[in-house]
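Here is a structure to look through by question and answer. Each reply sets a value beside the rule that gives it a name.

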Amino acid sequence: MAEWIGRADNPLTTRVIVNRIWQEHFGQGIVSTANDFGHLGQLPTHPELLDWLTVTFIADGWSIKRLHKRILMSETWQQSAYHPQAAEYQEKDPAESLLWRSRVRRLKAEQIRDAMLAISGELQSKVGGSSVDAKTPRRSLYVKSFRNTPDTFLAAFDVANGLKSVAERNSTTTPTQSLMMINGDYALGRAQKLAEQLAKNKFTTPDEMLRHAFRLAWGRFPADSELSSAHQFIAAATAEDQWTFDRDRLVDFCHVLLNSNEFLYVD
């Protein structure tokens with residue numbers, strides 16, 4: 001059976017693999033029904049592209065690493081979600097299936113948790129080993145999963161069931177998510193740890209500290225107006241060669257960064 005599935009002339013196996021990898025990078029596969037390539041599934045939006053990627057995938061000896069590289073180096077993947085003619089193009093392609101701009105996508109549950117741990121400086125980089133409790137600052141890959149008691153934070157952000165194959169994750173937006181990010185102990189704890197890390201570093205000016213925080217959380221430096229607002233919010237004051245700030249407000253500022261769309265969404 002394995003030989004039949006992996007035969008060079010089997011038209012489906014390699015296409016399914018390529019489509020799944022494309023889906024992970026773009027949020028939707030070239031065939032949107034990743035588990036159904038049959039008559040009841042959706043037709044590919046770009047059949048020639050799927051065929052070409054599949055042929056090159058086979059020619060590369062089924063190298064998934066080369067397929068990732070080919071996709072990531074393409075102009076299509078490197079597009080921004082912002083497009084000057086978005087309104088015009090959306091009238092022609094409301095589903096945005098023709099790849100004229102990047103889709104705005106929320107991070108997955110595990111990615112949100114791991115990103116919080118990474119920027120707060122808590123994430124343990126150890127690879128392998130036994131599973132751990134959700135309170136342990138290791139990647140979500142190693143967090144124990146119990147059928148009857150799912151992790152509250154991960155479940156709120158649509159973590160996969162774990163008991164069955166999931167072709168595509170749900171991506172919901174609910175009041176529970178906002179309440180958990182604003183009032184939940186986990187998000188507040190990461191904000192406090194991030195603030196502690198910032199306070200420990202010997203920055204020469206408050207603006208330098210704030211720029212570093214923006215860069216960690218948002219992947220970019222702040223605009224002048226954002227920096228000015230943040231500076232005023234943490235009540236930074238400079239006297240001669242020394243400067244101070246309100247530590248409680250710094251925690252709140254870090255909490256705002258973690259609750260922002262720029263942290264939670266990829267565009």
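The questions below go from the whole chain to one helix, and then to charged pairs.

Q: What kind of model is this, and how many helices and strands are in the chain?
A: The model is predicted. The chain has 13 helices and four strands. Its C-alpha trace spans about 75 × 50 × 35 Å along the principal axes.

Q: What share of the chain is buried?
A: Buried residues make up 35% of the 267 residues. The word buried stands for under 20% relative accessible area.

Q: What share of the contacts with a separation of 6 or more is between residues 24 or more positions apart?
A: Such pairs account for 53% of those contacts in the chain.

Q: Why is Asp114 called buried?
A: Its relative accessible area is 15%. The cut-off for buried is under 20%, so Asp114 qualifies. Asp114 is found in helix α6. Leaving aside residues up to four places away in sequence, Asp114 touches Leu123, Arg138, Arg139 and Ser140.

Q: How do you know that the length of α12 agrees with its number of residues?
A: Helix α12 has 13 residues, and at 1.5 Å a residue they should span 18 Å. The expected span uses one less than the number of residues. The end C-alpha atoms of α12 are 19 Å apart, which agrees.

Q: Which residues of α12 are buried, and what do they pack against?
A: The buried residues are Leu250, Val251, Phe253, Cys254, His255, Leu257 and Leu258. They pack against α6, α8, α9, α10, α11 and α13.

Q: How do α11 and α12 pack, and which residues meet?
A: Helix α11 covers residues 224-233 and helix α12 covers residues 247-259. They pack at an angle of about 145°, with their axes 9 Å apart. Ala230, Gln232 and Phe233 in α11 meet Arg249, Asp252 and Phe253 in α12. The residues of this contact divide into three nonpolar, one polar and two charged.

Q: Why is the pair of Asp9 and Arg7 called a salt bridge?
A: Their side chains meet at 2.7 Å, N to O. A salt bridge needs a side-chain nitrogen of Lys or Arg within 4 Å of a carboxyl oxygen of Asp or Glu, so the pair passes.

Q: What does the salt bridge of Arg169 with Glu110 tie together?
A: The closest N and O atoms of this pair are 2.9 Å apart. Arg169 lies in the loop between α7 and α8, and Glu110 lies in helix α6, so the pair ties together parts that are 59 residues apart in sequence. Arg169 is partly exposed at 27% relative accessible area. Glu110 is partly exposed too, at 21%.

Q: Which residues are linked in a network of salt bridges?
A: Asp60, Arg66 and Arg70 are linked in this way. In the bridge between Arg66 and Asp60, the closest N and O atoms are 3.5 Å apart. A search of the whole structure finds 14 salt bridges.

Key:
Residues numbered from 1 in each chain as written. Predicted model: local features only at pLDDT ≥ 70, side-chain atom pairs only at ≥ 80, totals over all residues. Heavy atoms only, no water. Axes fitted to C-alpha atoms, helices over the stretch in contact; angles between N-to-C directions. Helix = DSSP H or I, 4+ residues; strand = E, 2+ residues; numbered from the N terminus. Contact = heavy atoms within 4.5 Å. Nonpolar A, V, L, I, M, F, W, Y, C, P; charged D, E, K, R; others polar. Buried < 20%, exposed > 50% of the residue type's maximum accessible area, 1.4 Å probe, protein only.
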